[in-house]
Amino acid sequence: MFDEKVLPIDIWITAFVDWLVNNYRDIFQMIKWPVEQILTGLDIGLNAVPPIIIIGLLAFCAWRFSGWGLAVFSIVAMVFIGLIGFWADTMTTLAMVLASVLFSTIVGVPVGIAAGRSDRVETIARPFLDAMQTTPSFVYLVPIVMLFSVGNVAGVLATIIFAMPPIVRLTSLGIRGVHPELVEAATAFGATRSQVLFKVQIPLAMPTILAGLNQTIMMALAMVVIAALIGAGGLGSPVIQGLNTLDIGLAVMAGLSIVLVAVVLDRITQSMAGKN
């Protein structure tokens, strides 16, 4: 029935992306520039710092927010990653995750606050967030490569799109979860809209916002591995290399390093949310 009535939407999309690349290349380079600078700085900085200092900082954060158990686990996990030869790749992955989470937070939290305070913004943002979360992660890679070329920066941009929805949704949920009587009381005592936001709504919504940050970090870690398919470095590269050459040991060790980093970051951010 549909053999002769197929809409050529794929051809239209390809033509649209080609048109964007040919006419707005400068704008995409402007978008790419700050991401490239932050990522390069983090990558060089993390790889230049002696491992003992990185391990010490992670252990201190783990002890500060969770206790001695997680601090000891963090030390053991990071030393193990160094001993199996993936320290530099782990630092590059950490730089990509930090850059992705930074830009996701800078954009996502204000959007989430606006969505939490306005039904109209929530209605407009929801279909975009649904599309960002349900689109298969591999589908992001093709237009990202066409618009931003290959490499770590393109990988970070794909990761930002993939990891941003949780922090937007949970920030909005946290703001909407503040009891209306508290907002009314603050307003009755003469607080302005900005004072209500920064002194009542955001502090009370902070545990939910931090839960969104936790989910964004986890999704960023998952996506930076997939981003290795478009030339992004870090721990994704040995995973892809291991799969291509059937070197199971290489792929498993790189995957195990990702799991250990994810567990450490997840427990630290969960503990931060719990303390708030």
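1. Start with Ser100. At 0% relative accessibility, Ser100 is buried (under 20% relative accessible area; over 50% is exposed and anything in between partly exposed, with a 1.4 Å probe and protein chains only). Ser100 sits in helix H5. Setting aside residues up to four places away in sequence, Ser100 touches Val156, Thr159, Ile160 and Ala220. Contact here means heavy atoms within 4.5 Å.

2. Basis of the note. This is a predicted model, in which local features need pLDDT of at least 70 and side-chain atom pairs count only at pLDDT 80 or more, while totals for chains, interfaces and linings use all residues. Residues are numbered from 1 along each chain as its sequence is written, and side-chain values use heavy atoms, with hydrogens and water left out.

3. Overall build. The chain has twelve helices and zero strands. Both are DSSP runs, numbered from the N terminus: helices are H or I with at least four residues, strands are E with at least two. The C-alpha trace spans about 65 × 65 × 40 Å along its principal axes. Of the 276 residues, 43% count as buried. Among contacts between residues at least 6 apart in sequence, 78% join residues at least 24 apart.

4. Helix H5. This helix covers residues 87-117, 31 residues in total. Its first and last C-alpha atoms are 43 Å apart, close to the 45 Å expected at 1.5 Å a residue. The expected span is 1.5 Å times one less than the number of residues. H5 also has a kink of about 30°, centred on Thr105. The bend at a residue is the angle between axes fitted to the seven residues ending there and the seven starting there.

5. Helix H7. The end C-alpha atoms of H7 (residues 137-148) are 17 Å apart, which agrees with the 16 Å that its twelve residues should span at 1.5 Å a residue. Its buried residues are Ser137, Tyr140, Leu141, Ile144, Leu147 and Phe148. Viewed down the helix axis they fall within an arc of 140°, so they line one face of H7. The arc is taken from the directions from the helix axis to the C-beta atoms. An α-helix has 3.6 residues a turn, so residues three or four places apart point the same way.

6. Around H7. The buried residues pack against helix H1 (9-23), helix H2 (25-48), H6, H8 and helix H10 (193-226). Phe138 and Val142, on the other side of H7, are exposed. Just after the helix, Ser149 takes a positive phi of about 70°.

7. Two further residues. Ser172 belongs to helix H8 (residues 152-177) and is buried, with a relative accessible area of 4%. Beyond its neighbours within four places in sequence, Ser172 contacts Gly112, Ala115, Gly116 and Glu122. Asp119 is in helix H6 (residues 119-134) and is exposed at 54%. A polar contact of 3.0 Å joins the side chains of Asp119 and Arg176. Such a contact is a pair of N or O atoms within 3.5 Å; within protein, one must be able to donate a hydrogen and the other to accept it, and residues adjacent in sequence count only if both atoms are side-chain atoms.

8. Record annotations. The unreviewed UniProt entry assigns "domain: ABC transmembrane type-1" to residues 90-269. That span is 87% helix and 0% strand, with its end C-alpha atoms 19 Å apart. The entry's "transmembrane region" annotation includes residues 70-88 and 137-164. Residues 70-88 are 84% helix, with end C-alpha atoms 23 Å apart. For residues 137-164 the values are 89% helix and 13 Å. UniProt positions follow the numbering used here, feature names are shortened, and annotations may be inferred rather than shown by experiment.
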